[in-house]
Structures are given as structure tokens and as C-alpha cells.
Amino acid sequence: MDTFRDIGEFPPDEAKRMLEFVAEVAREAGLSDYRVVVNVGSGGGQTVFHLHWHVLGGKITGLPQ
């Protein structure tokens, strides 16, 4: 899978497992407030073409609130 655009190809239980993993990673990093970002396509800032998630903690400048 190259991008989040293809998420519908996963069975629902696999998609749920991915989201639970994202939440677990944030918890293990000690984050209670964070953003989850997925860049989709080169126009959306994607430079690595496989599905992956960015878990960002803290105040992030330059992004909409």
C-alpha cells in the first residue's frame, strides 16, 4: 500500500488495529495530547510511498490549530 488513499483495501479489523497501534505508540511515548498526521500523495507532502503515520507531540508551529 503506497498511501492512506488505499486504506479501504484493508479489512476493518486491520484498519482498527492500525489506529489502536497509533494510540499505543503515543501512550508509550508519554503523550496525552498529540496530532496524528498522514501525508497523502506528493502534493500532500508524502515523500516516502508506503502507508505510515506521524505521531506528533507538543505545540506544532505552522499547522492549523
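This is a predicted model: local features need pLDDT of at least 70, side-chain atom pairs count only at pLDDT 80 or more; totals for chains, interfaces and linings use all residues.
User: What makes the contact between glutamate 14 and arginine 17 a salt bridge?

Analyst: The side chains of glutamate 14 and arginine 17 come together with N and O at 2.8 Å. The cut-off is 4 Å between a side-chain nitrogen of Lys or Arg and a carboxyl oxygen of Asp or Glu, so the label applies. Both residues sit in helix H1 (residues 12–28), three residues apart, about one turn of the helix. An α-helix has 3.6 residues a turn, so residues three or four places apart point the same way.

User: How many salt bridges does a search of the whole structure find?

Analyst: It finds two. The other pairs glutamate 20 with lysine 16, whose closest N and O atoms are 2.3 Å apart. These residues also lie in helix H1, four residues apart, again about one turn of the helix.

User: Why is glutamate 14 called partly exposed?

Analyst: Buried means under 20% relative accessible area and exposed means over 50%, so glutamate 14, at 23%, falls in between. Arginine 17 is partly exposed too, with 48%, and glutamate 20 counts as partly exposed at 41%.

User: How do you know that the length of H1 agrees with what its residues should span?

Analyst: At 1.5 Å a residue, the 17 residues of H1 should span 24 Å, and the end C-alpha atoms are 24 Å apart, so the two agree.

User: Which residues of H1 are buried, and what puts them on the same side?

Analyst: They are Met18, Val22 and Ala26. Around the axis they cover an arc of only 75°, which is why they are placed on the same side of H1. Among the elements covering these buried residues are strand E1 (34–37) and strand E2 (54–57). On the face turned away from the buried side, H1 carries the exposed residues Pro12, Asp13, Arg27 and Glu28. After H1 comes glycine 30, which has a positive phi near 80°.

User: What makes the pair of phenylalanine 4 and tryptophan 53 edge-to-face?

Analyst: This is the one aromatic pair in the structure. The ring centres of phenylalanine 4 and tryptophan 53 are 5.7 Å apart, within the 6.5 Å needed for a pair, and their planes stand at 80°, over the 60 degrees required, so the pair is edge-to-face. Phenylalanine 4 belongs to the segment before H1 and tryptophan 53 to the loop between E1 and E2, so the pair links distant parts of the chain, 49 residues apart. Phenylalanine 4 is partly exposed at 32% relative accessibility, and tryptophan 53 is partly exposed at 23%.

User: Is threonine 3 buried or exposed, and how do you know?

Analyst: Its relative accessible area is 5%, and buried means under 20%, so threonine 3 is buried. Threonine 3 lies in the segment before H1. Beyond residues up to four places away in sequence, threonine 3 touches Asn39, Val40, Gly41, Gln46 and Leu51.

User: What makes the meeting of threonine 3 and glutamine 46 a polar contact?

Analyst: Their side chains come to 3.3 Å. The limit for a pair of N or O atoms is 3.5 Å, so this one qualifies as a polar contact.

User: Why is leucine 31 called partly exposed?

Analyst: Leucine 31 has a relative accessible area of 26%, between the 20% and 50% limits, so it is partly exposed. Leucine 31 lies in the loop between H1 and E1. Leaving aside neighbours within four places in sequence, leucine 31 contacts Ala26, Val55 and Gly57.

Conventions. Residues are numbered from 1 along each chain as its sequence is written. Side-chain values use heavy atoms; hydrogens and water are left out. Helices (H or I, at least four residues) and strands (E, at least two) are DSSP runs, numbered from the N terminus. Buried means under 20% relative accessible area, exposed over 50%, partly exposed in between (1.4 Å probe, protein chains only). The expected span of a helix is 1.5 Å times one less than its number of residues. The arc is that of the directions from the helix axis to the C-beta atoms. Contact means heavy atoms within 4.5 Å. Rings of Phe, Tyr and Trp (its six-membered ring) pair if their centres lie within 6.5 Å; planes under 30 degrees apart count as stacked, over 60 as edge-to-face and the rest as tilted. A polar contact is a pair of N or O atoms within 3.5 Å; within protein, one must be able to donate a hydrogen and the other to accept it, and residues adjacent in sequence count only if both atoms are side-chain atoms.
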